[in-house]
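Please read the following briefing alongside the sequence and the structure.

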Amino acid sequence: MCLAIPGKILEIDECNAVRVGKVQFGGITRQVQLGFVPEAGIGDYVMVHVGFAISVVDAEDAQHTYEILESMGLLEAELPPAEPS
Amino acid sequence: MKYIDEYRDREIAHKLLAKVAQRAQHPWVLMEICGGQTHTIMRYGLDELLPRGIELVHGPGCPVCVTPLEMIDKAVALASRPDVILVSYGDMLRVPGSKSDLLGIKAQGGDIRVVYSPVEAVKIAQTNPQRQVVFFAIGFETTAPPNAMAVWQARQLGVKNFSVLVSHVIVPPAIRLLLNQPGNRVQGFIAPGHVCTVMGAGEYKELVREFCIPIVIGGFEPVDLLQAVLMLVEQLEDGRAELENQYSRSVLVEGNVPARRIIDEVFEVCDRKWRGIGVIPQSGYRLRSAFAAFDAERKFEMENAGVEESAECISALVLQGRKKPPDCPAFAVRCTPQTPLGAPMVSSEGACAAYYQYRRHALPH
């Protein structure tokens with residue numbers, strides 16, 4: 001129920017004083033309400049829940065975290081093997 | 001898809017699992033709150049990949065599951081009226097009420113429409129001015145801003161035939177209740193990432209201080225959840241109790257300020273009954289009196305009859321993480337997603353449905 005999916009903003013419009021955007025999720029695009037993310041611009045990724053963007057994905061933070069996760073491999077030789085499932 | 005695929009990376013997941021195995025010197029019981037997180041854990045079998053001593057128990061974070069029977073009955077009563085179009089999120093249609101579910105009423109000719117977004121419900125009201133349109137507004141804090149926005153927009157647009165049946169719940173009071181229960185086993189929490197995207201970290205910092213228990217705000221993909229487990233295990237092994245944010249690509253400390261503002265404008269905090277748990281003080285939202293004209297419970301006369309749950313269903317214990325679904329004698333025998341005895345078997349995010357979908361063939365009988 002609380003799922004939100006990341007999508008990329010392609011266009012932004014004002015529709016009856018409501019800020020809406022065309023957002024791309026993989027191969028499909030949908031209209032999304034952008035009222036809760038006034039800072040979002042074209043090209044940004046937003047997390048979308050029931051048709052509303054609830055956050056702008058922090059690209060720098062995501063990149064940094066991912067690099068930390070990937071670099072865990074450097075320690076791999078020192079670690080015991082993962083338990084068999 | 002960007003921001004999904006990389007968090008399903010098998011190699012990174014295995015590195016995280018190895019790191020958890022290395023760090024975990026003691027057994028620990030951790031709870032993920034959100035039903036979406038439960039679903040990911042079962043779908044990818046994360047609980048079975050973790051070292052044996054790390055037990056994941058599943059929290060009450062499925063709004064469909066905790067919506068009280070009385071509310072389902074009210075929605076059923078409204079949907080049975082010829083002057084009403086009942087609009088709902090799809091998950092609610094098969095939730096059993098005391099006599100019928102919404103799908104049964106739809107089969108008998110009730111006008112029930114499923115929407116993805118609450119703004120669609122306002123549009124249905126605009127295009128059907130001769131009918132009363134009631135939106136069944138359920139959810140946690142994540143869904144509260146969109147639902148509140150629908151009510152706010154209806155008022156702006158002067159849509160008088162629109163109202164909402166509100167059964168909103170909020171997470172922190174439920175965590176407090178679980179931690180105050182005698183016999184609580186949970187030693188660390190994975191907090192719900194999208195609830196915190198809206199509400200921020202403040203309430204969870206308070207819980208950490210109050211109960212001296214580690215909490216990590218976690219995302220929804222397998223790598224997110226394994227990283228959150230690792231962060232909790234590291235805290236527990238080091239004897240720390242802190243609030244940490246694994247899902248920092250979406251969660252800001254202050255949350256989403258405009259979204260919180262619309263919640264505050266439209267809703268106020270109230271006591272709320274949770275299915276299977278009972279009334280939790282200050283654990284829900286209701287409409288503020290300024291929006292009373294949009295309150296379906298005021299607009300329509302409805303019975304407030306107390307109703308009994310199935311005696312056999314142990315969902316109360318499952319929703320509190322005290323029992324696992326296969327502990328129930330009715331599980332996958334008399335209770336299946338086609339014939340659910342209780343709500344956790346209905347929603348795909350309910351713990352019972354997740355076990356049914358991914359584990360029932362592996363269970364000894």
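Chain B contains an open sheet of five strands in the order β2-β1-β7-β8-β9, with parallel pairing; strands are DSSP runs of E of at least two residues, helices are DSSP runs of H or I of at least four residues, and both are numbered from the N terminus. Two strands count as paired if DSSP finds at least two bridges between them. This is a predicted model, in which local features need pLDDT of at least 70 and side-chain atom pairs count only at pLDDT 80 or more, while totals for chains, interfaces and linings use all residues. Residues are numbered from 1 along each chain as its sequence is written, and chains are lettered from A and ligands numbered from 1 in the order in which they are written.

**The five-stranded sheet of chain B**

- The edges are formed by β2 and β9 (243-245) of chain B, each with a single partner strand, so one side of each is left without a neighbour in the sheet.
- On average, and with direction ignored, neighbouring strands of this sheet are turned by 25 degrees against each other.
- Strand β1 (residues 28-34) of chain B pairs with β2(B) in the parallel sense over six bridges.
- Opposite B:Val29 stands B:Glu55 in β2(B).

**The six-stranded sheet of chain B**

- Another open sheet of chain B has six strands in the order β4-β3-β5-β6-β11-β10, and its pairing is mixed.
- Its edge strands are β4 (112-114) and β10 (267-274) of chain B, each of which pairs on one side only.
- The twist from one strand to the next averages 25 degrees.
- Strand β3 (residues 84-88) of chain B and β4(B) are joined in the parallel sense over three bridges, and B:Ser88 has B:Val114 in β4(B) as its bridge partner.
- Helix α5 (residues 69-79) of chain B packs on the sheet and touches β3, β4, β5 (132-139) and β6 (162-169) of chain B. The direction of α5 makes about 140 degrees with that of β3(B); axes are lines fitted to C-alpha atoms, for helices over the stretch in contact, and angles run from 0 to 180 degrees between N-to-C directions.
- β10(B) pairs with strand β11 (residues 278-287) of chain B in the antiparallel sense over seven bridges, and B:Glu268 has B:Arg286 in β11(B) as its bridge partner.
- These two strands, β10(B) and β11(B), form a hairpin with three residues between them, and B:Gly276 in the turn has a positive phi of about 85 degrees.

**The domains of chain B**

- Chain B is divided into domain 1 (1-311) and domain 2 (315-362), with bounds that come from an automatic or database domain assignment.
- The C-alpha centres of domain 1 and domain 2 of chain B lie 18 Å apart.
- In domain 1 of chain B, 26 residues are in contact with 20 residues of domain 2 of chain B; two residues are in contact if their C-beta atoms, placed from the backbone, lie within 7 Å.
- α2(B) gives the most to the side of domain 1 of chain B that touches domain 2 of chain B, with six residues.
- That side of domain 1 of chain B has 13 nonpolar, eight polar and five charged residues. Ala, Val, Leu, Ile, Met, Phe, Trp, Tyr, Cys and Pro count as nonpolar, Asp, Glu, Lys and Arg as charged, and the others, Gly among them, as polar.
- In α2(B), eight of the ten residues are buried, including B:Gln37 and B:His39. A residue is buried if 20 or more other C-beta atoms lie within 10 Å of its own, exposed if 12 or fewer, and partly exposed in between, with C-beta atoms placed from the backbone.
- Just after α2(B), B:Gly45 takes a positive phi of about 65 degrees.

- Chain A has one helix and five strands, which run β-β-β-β-β-α from the N terminus on.
- Of the 85 residues in chain A, 36% are buried.
- The contact between the chains takes 50 residues from chain B and 36 residues from chain A.
- Helix α1 (residues 10-23) of chain B gives the most to the side of chain B that touches chain A, with eight residues.
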